[in-house]
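Me: I am new to this structure and would like to know what lies behind the words used for it. Please take me through them with care.

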Amino acid sequence: MLAAQTAPLLPLSVIVPVRNEAHNLARCLQSLQGAGEVYVVDSQSTDETVAIAQSYGAKVVQFHYAGGWPKKRQWAMDTLPLAHDWILLLDADEALTPELAEEIRAAIRDPKFDGYYLGLQLYFLGRRLRHSGASFDKLALFRRGRGHFECRLHNQDTTMADMEVHEHVMVDGEKRKLANPLLHYNVESLARYIQKHNEYSNWDARVWLDGESDAGLKPSLFGSQAQRRRLLRRIFIEVPGSAVAFFLYKYVFCLGFLDGIPGLIYCGLQGIQIFHIKAKVYELRQKRGL
């Protein structure tokens, strides 16, 4: 079971969004032993995802997305009867280390902070990426009622993924970053990776054309890592030849070549993603006669 019969080691509510994550979920849930409660929010998986979640004592809830807002994780925060004062958002391909779990246990007792960034330690095709611009921080741990996802576009449809793509959590209050990393096994199947990122590029193209510019995080060179990444992404999308430029930025400037073949593939797919977004923006403009 995920939680002991006595007081949990980690008194928080964990939300894990899934769809056909049988190959990842056991590792994720194993790392959450001792959590107060774990909700696995499923999108009608056709593999063994639900059975695996139940075998670990997680509470399985089905999410049916018909477009619009909220999406999966914000819906879960708004709807589920969460029992604890702290929320941890974890993807099925992520896992806590014992050191991070202990750091979280201490951090949530500190009354000065309302949110914590977790730094991702990214593994891609079986190799840890130490370069390639693959260091990400995510605001995934926060007090219940103090955090919510930004909404960059209300009018979304089912081709744009049922989970928040590049929307970020906004927390009212003081925040800091924890020292220990969150393990992130980014891809074990390139086919699955490409399938998911096809949906992500649908979302990106629509946000580029129709996004609500006054919503959420503002691109800024001097803001958080998420704000700097958003600014960088905006610059690259606007620049001619940006798909190639983004690949070179990741592979050369960010030393992706030091990450071997997985680094080459990762940086290449990052550049291709920019190309897909720009192509879909062009397609949408053509359809609209812009």
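**Pocket and buried residue**

Reply: The second largest pocket has a volume of about 180 Å³, where a volume is the space filled by probe spheres set on grid points joined across faces, edges and corners. This is a predicted model, in which local features need pLDDT of at least 70 and side-chain atom pairs count only at pLDDT 80 or more, while totals for chains, interfaces and linings use all residues. Residues are numbered from 1 along each chain as its sequence is written, and side-chain values use heavy atoms, with hydrogens and water left out.

Me: What makes a residue part of the lining of the second largest pocket, and which are the closest to its centre?

Reply: A pocket is an open set of points on a 1 Å grid over the protein atoms alone, where a 1.4 Å probe fits, with protein on both sides within 12 Å along at least five of seven lines, and a lining residue has an atom within 4 Å of a point. Of the 17 lining residues, Gly 119, Leu 120, Gln 121, Arg 128 and Ser 135 are the closest to the centre.

Me: Why is Glu 94 called buried?

Reply: Buried means under 20% relative accessible area (1.4 Å probe, protein chains only), with exposed over 50% and partly exposed in between; Glu 94 has 1% relative accessibility and therefore counts as buried.

Me: How do you know that Glu 94 touches Leu 120?

Reply: Contact means heavy atoms within 4.5 Å, and, not counting residues up to four places away in sequence, Glu 94 touches Leu 120 as well as others, including Cys 28 and Lys 138.
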